[in-house]
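Reader: I am new to this one, and I would like to go through its contacts with you step by step. Could you put it up on the screen before we start?

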Amino acid sequence: MFHLRAFAVEPYDNNVYLLSDPESREALLIDAANDPGRILAELEGLSLSHILTTHGHPDHVQAVPEVRRATGAIFSCHHGDAEMMPLKPDLEVKDRDHFQFGPYTLVALHTPGHTPGSLCFLIADHLFTGDTLFPGGPGNTRGQGASFPTIIKSIQSALFPLPDQTRVLPGHGKATTIGAERSQLGTWVRRGW
């Protein structure tokens, strides 16, 4: 089984996720949010191939330049958020793109609504949702390029078809499950519209 390390960094309590294969020591990083020193310490002994980004808001990408410089990893994001990034992406991610580390495959899901280029990443029963889905509802849709109807459509079409037990690992705060969140959809829609 792959290893998952999750840790939060200040000042906005952003979650950083590091997935690795214990045999090959190959790794992927999701959201180099901040504290590059901590991220690089967690990467010790691993070979990082990609820095994946759920979306382009500054609190999710502050450590990207330093981590990329130190590791040589490919910095990836969706083209919808490319202009928000602190540096030009090496790779523009499309819906259903695959990322390999050892024998494991992570799949990108384009889930616009929080930002035009928001992405979630799925591996086995782990779903990394950035600011698309949290315990208790979707992410903020008041910013430029955000849309409540769009985020609801993304969650319904890309995330809610997943099994109930799928673990939702958001960009901030605690985990939840698809099953726990699916039952609240009607409440979100009434509240949001």
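**Contacts in the model**

Author: To begin with the charged side chains, the structure holds 5 salt bridges, where a salt bridge is a side-chain nitrogen of Lys or Arg within 4 Å of a carboxyl oxygen of Asp or Glu. Please keep in mind that this is a predicted model, in which local features need pLDDT of at least 70 and side-chain atom pairs count only at pLDDT 80 or more, while totals for chains, interfaces and linings use all residues. Residues are numbered from 1 along each chain as its sequence is written, and side-chain values use heavy atoms, with hydrogens and water left out.

Reader: Ok, which residue does R38 form a salt bridge with?

Author: R38 forms a salt bridge with E42, and the closest N and O atoms are 3.0 Å apart. Both residues lie in helix α1 (residues 36-42), 4 residues apart, which is about one turn of the helix; helices here are DSSP runs (H or I, at least four residues) and strands likewise (E, at least two), numbered from the N terminus.

Reader: What about R68, where does its partner D90 sit?

Author: D90 is in the loop between β5 (74-78) and β6 (91-93), while R68 is in helix α2 (residues 64-71), so the pair links distant parts of the chain, 22 residues apart. Their side chains meet in a salt bridge at 2.7 Å, N to O. R68 is partly exposed with a relative accessible area of 29%, and D90 is partly exposed as well, with 40%.

Reader: Switching topic, how many aromatic pairs are there?

Author: The count comes to 5 aromatic pairs, the rule being that rings of Phe, Tyr and Trp (its six-membered ring) pair if their centres lie within 6.5 Å, with planes under 30 degrees apart counted as stacked, over 60 as edge-to-face and the rest as tilted. One of them is F2 with F101, whose ring centres are 6.2 Å apart and whose planes stand at 75°, so this pair is edge-to-face.

Reader: Which parts of the chain does that pair tie together?

Author: F2 lies in the segment before β1 (3-9) and F101 in strand β7 (residues 98-101), so the pair ties together parts that are 99 residues apart in sequence. F2 is buried, with a relative accessible area of 7%, and F101 is buried at 0%. Ring pairs link F2, F101 and Y104 into a cluster.

Reader: One last thing, how many disulfides does the count come to?

Author: The count comes to 0 disulfides, a disulfide being a pair of cysteine sulfur atoms within 2.5 Å. C77 is in no disulfide, and the nearest cysteine sulfur, that of C120, is 15 Å away, which is too far for a bond. C77 is buried at 1% relative accessibility, and C120 is buried at 0%.

Terms used:
Buried means under 20% relative accessible area, exposed over 50%, partly exposed in between (1.4 Å probe, protein chains only).
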